[in-house]
Amino acid sequence: MDAPVVRRADPRALSYIVDHLKPGTTIERRIKVSNKSSQRRFFELYAAEAKIKNNRFEFSPGRTPNELSGWVSVNPATLSLKPGDKALARVKVTIPRSASTGERYAVIWAQNKDTTDSTHNVGVVSRVGIRMYLDVGEGGEPPSAFRIQALLAHRTKAGIPIVTARVRNTGGRALDLKGKLDLADGPGGLRAGPFYVEPGTTLLPGKVGTVSTNLDPKLPDGPWKATLKLESGMVREQVSATLKFPPNGSTWTADLGDITKPATWYAGGAALLAAAGAGAFAMKRRKAARSRE
């Protein structure tokens with residue numbers, strides 16, 4: 001809940017560390033670590049490498065470093081929590097004055113290890129993290145924007161209908177795409193949806209990627225009026241087009257002339273905090289004062 005003032009309505013900034021900073025700037029964020037297991041846990045807190053590859057946000061094993069992780073410190077670096085306990089840690093990011101322009105990626109991790117002993121011969125490492133998207137440069141932040149370029153309807157050989165959209169990142173920041181598809185004006189006036197797109201597509205500036213959603217195999221072929229709404233943080237776009245599902249194993253592409261003029265807008269109002277959580281513990285951001293040098 002400690003997003004920059006200009007991002008307080010941005011769901012991404014309330015879940016991740018997303019910011020644009022000038023060289024020589026220092027910021028601090030607070031995170032909360034919760035032990036949701038039934039036994040005491042020891043956690044290591046640290047920053048490590050992340051990158052965007054093949055339109056996916058990927059993180060590296062262990063403590064693999066990169067430039068951004070080298071600018072980050074976490075205090076305390078370790079925590080010991082009883083079942084149900086929670087504790088705060090402070091993340092400090094210091095941008096060198098010599099830092100070059102560009103966006104960097106990393107993850108703040110909370111890691112717990114179950115080591116081997118006389119009764120357990122396999123060790124387990126569990127960790128959850130908070131992504132970092134940090135852009136460095138003088139002046140204002142590069143804009144975030146994208147365009148939905150095409151809609152395709154496909155049926156697999158097994159008869160499963162899939163709708164896929166081709167999307168281009170037309171802005172200057174990486175984007176995490178999510179959204180939903182609604183179908184209307186189908187055979188006999190049928191409506192269907194919403195169907196949510198598969199998460200996980202992250203686009204670098206200038207890159208083209210796809211998002212898709214699997215539908216019910218019993219869905220009639222159509223034609224349908226398909227309305228797709230996508231968003232990344234406060235940037236959203238919506239298109240509508242006529243779709244018809246083809247025979248099994250083939251693809252039908254919407255006529256681009258049938259796609260209505262895209263509606264792009266910026267979301268406003270309050271946003272809910274999305275807390276990352278898995279296994280025995282969870283992390284989430286917490287409100288904190290922001291300091292700059």
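Here's a quick tour of the nonpolar cores and aromatic rings in this predicted model.

Let's start with the cores. The largest nonpolar core is made of 28 residues, and Leu151, Leu183 and Leu228 have the most contacts inside it. Six strands each supply at least two residues of this core: strand 10 (146-155), strand 11 (161-169), strand 12 (175-184), strand 13 (192-196), strand 16 (224-232) and strand 17 (235-243). Apart from this core lies another one, with 27 residues, including Ala47, Leu79, Ile95 and Ala99. In soluble globular proteins, nonpolar side chains tend to be buried together.

Strand 17 also holds Ser240. Ser240 is buried, because its relative accessible area of 8% is under the 20% cut-off. Its side chain makes a polar contact of 2.9 Å with the side chain of Thr227.

Now for the rings. The count of aromatic pairs comes to five, and here are two of them:

| Pair | Centre to centre | Angle between planes | Type |
|---|---|---|---|
| Phe59 and Trp109 | 5.0 Å | 80° | edge-to-face |
| Tyr105 and Tyr133 | 5.8 Å | 80° | edge-to-face |

Phe59 sits in strand 4 (residues 56-59) and Trp109 in strand 8 (residues 102-114), so their pair ties together parts 50 residues apart in sequence. The other pair links Tyr105 in strand 8 with Tyr133 in strand 9 (residues 124-136), 28 residues apart. Tyr105 counts as buried at 10% relative accessibility, and Tyr133 does too, at 0%. Together with Tyr16 and Phe57, these two tyrosines form one aromatic cluster.

Charges turn up here as well: Arg12 lies over the face of Tyr133, 4.5 Å from the ring centre, while Arg127 lies over the face of Trp109, at 3.8 Å from the ring centre.

Key:
Residues are numbered from 1 along each chain as its sequence is written. This is a predicted model: local features need pLDDT of at least 70, side-chain atom pairs count only at pLDDT 80 or more; totals for chains, interfaces and linings use all residues. Side-chain values use heavy atoms; hydrogens and water are left out. A nonpolar core is a set of buried Ala, Val, Leu, Ile, Met, Phe, Trp, Tyr and Cys residues joined through side-chain atoms within 4.5 Å. Buried means under 20% relative accessible area, exposed over 50%, partly exposed in between (1.4 Å probe, protein chains only). Helices (H or I, at least four residues) and strands (E, at least two) are DSSP runs, numbered from the N terminus. A polar contact is a pair of N or O atoms within 3.5 Å; within protein, one must be able to donate a hydrogen and the other to accept it, and residues adjacent in sequence count only if both atoms are side-chain atoms. Rings of Phe, Tyr and Trp (its six-membered ring) pair if their centres lie within 6.5 Å; planes under 30 degrees apart count as stacked, over 60 as edge-to-face and the rest as tilted. A charge sits over a ring if NZ of Lys or CZ of Arg is within 6 Å of the ring centre and within 35 degrees of the ring normal.
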